[in-house]
Amino acid sequence: MPITTVFDKKNPDTTAEAILGEWLADFYAASSYLVTFEGPRLGTKSLVWLDKMPSENRERLTRKAGATIQGKRMVYAVAMIARDRAESLKMSDRIQGAVLASASNLATAGLRYTEVTPFREVPVDSQERVFRRDGIFRFTVEV
C-alpha cells in the first residue's frame, strides 16, 4: 500500500519512524507481530525492533532544480526476535524482500536509497527460548 506520511526536515526522527512504522505494518500484521522503536520486550507476539543509530551527513551534495541539497544517511539496527528459529528467519527474509518490493514507495515518502544488510543470528541468553536475528537498515533523507 502507498505510504501516506511524508518526511519532514524539521522533525526527522519522528517522521522517519512514522514512515517506517506505516511501511512495516504492511508486511508484519499487528495481530502476529509487534513493531517497536523502544527496547525489546517479548510477549506473545514476535518482535520487530528498530533502534536508531548515529546518522551521518553524506559527502556528496545533490543538485535539484538548481538548488544544492544536503543528504543525511539515517541508520537503524533491526532485530527480529521470535520464540521459534524458523519464524525469526522468515521475519528477516520478509524485510529484505520488502525493501526490494517497496523501495519506490519509501522514496516517494522521502526515504531514499534504502538498503538492508544480510541478517545474522545472535545468541540470546534468556530463561525463555528466544531467537534473534540482527541487521542494519539504512536510507538517505534531505536535510
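Select S102 to begin; this residue lies in helix 2 (residues 85-109). Helices here are DSSP runs of H or I with at least four residues, strands are E runs of at least two, and both are numbered from the N terminus. The model is predicted: local features need pLDDT of at least 70, side-chain atom pairs count only at pLDDT 80 or more, and totals for chains, interfaces and linings use all residues. Residues are numbered from 1 along each chain as its sequence is written, and side-chain values use heavy atoms, with hydrogens and water left out.

S102 counts as buried because its relative accessibility is 5% (buried is under 20% relative accessible area, exposed over 50%, partly exposed in between, with a 1.4 Å probe and protein chains only). Display its side chain together with that of W23: a polar contact of 2.5 Å joins the two. Such a contact is a pair of N or O atoms within 3.5 Å; within protein, one must be able to donate a hydrogen and the other to accept it, and residues adjacent in sequence count only if both atoms are side-chain atoms.

Next, select helix 1, where W23 is one of the buried residues, along with T15, A16, I19, L20 and L24. Viewed down the axis of helix 1, these buried residues fall within an arc of 165°, so they line one face of the helix; the arc is that of the directions from the helix axis to the C-beta atoms. An α-helix has 3.6 residues a turn, so residues three or four places apart point the same way.

Move on to R133, in strand 6. At 11% relative accessibility, R133 counts as buried. Its side chain makes a polar contact of 3.1 Å with the side chain of S92, and a polar atom of the R133 side chain lies 3.1 Å from the backbone oxygen of F119.

Now select E128, in the loop between strand 5 (120-122) and strand 6 (131-142). With 46% relative accessibility, E128 counts as partly exposed.

Finally, select Y113 in strand 4 (residues 112-116). Y113 counts as exposed, at 54% relative accessibility. The phi of Y113 is near 55°, a positive value in a residue other than glycine. Most residues other than glycine have a negative phi.
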